[in-house]
Amino acid sequence: MSSDSPVPVSRTTVAVPRTAVPLGIADPVEQARAELKAALAAIEEKANVPRRMGEATDRGIVKARAFARKSPVAATAAVLTGAAAVGLLVWAAVRAYAR
């Protein structure tokens with residue numbers, strides 16, 4: 001069974017990322033400008049270390065909260081182990097300095 005009716009095409013527009021060059025630019029000058037703009041945006045995203053660190057921190061916080069909701073006992077044990085390790089490191093550093 002085949003149909004002669006056309007396949008429906010979505011009319012929604014897809015957002016183009018800042019680091020991509022839009023398709024369909026015919027003018028070479030406009031194409032070069034679009035490529036330069038995309039390249040500069042990509043460089044900015046790679047070089048902006050504080051922003052990338054903030055995003056990584058936010059992802060880590062989301063993962064830690066999800067882990068704490070899923071398994072509160074293991075999360076409590078991880079926090080206590082981390083605190084004990086930091087305390088041990090501080091104690092060892094002070095002891096080494098005092099000698």
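## Two helices in a predicted model

A helix here is a DSSP run of H or I at least four residues long, and helices are numbered from the N terminus. Keep in mind that you're looking at a predicted model.

## Getting to know α1

Let's check the length of α1.

Now, which residues of α1 are buried? They're Ala34, Ala38 and Ala41. Look down the axis of α1 and these buried residues fall within an arc of 60°, so they line one face of the helix. Over on the other side of α1 you'll find exposed residues, including Leu36, Leu40 and Ile43.

## Salt bridges

How many salt bridges does the structure hold? There are 2. Side chains of opposite charge can pair when their charged atoms come close.

One joins the side chains of glutamate 30 and arginine 33, at 3.1 Å from N to O. Both residues sit in α1, 3 residues apart, which is about one turn of the helix. Glutamate 30 counts as partly exposed because its relative accessibility is 37%, whereas arginine 33, at 53%, counts as exposed.

Another links the side chains of arginine 51 and glutamate 55, at 3.3 Å from N to O. Arginine 51 is partly exposed at 44% relative accessibility, and glutamate 55 is partly exposed at 36%.

Note on methods
Residues are numbered from 1 along each chain as its sequence is written. This is a predicted model: local features need pLDDT of at least 70, side-chain atom pairs count only at pLDDT 80 or more; totals for chains, interfaces and linings use all residues. Side-chain values use heavy atoms; hydrogens and water are left out. Buried means under 20% relative accessible area, exposed over 50%, partly exposed in between (1.4 Å probe, protein chains only). The arc is that of the directions from the helix axis to the C-beta atoms. A salt bridge is a side-chain nitrogen of Lys or Arg within 4 Å of a carboxyl oxygen of Asp or Glu.
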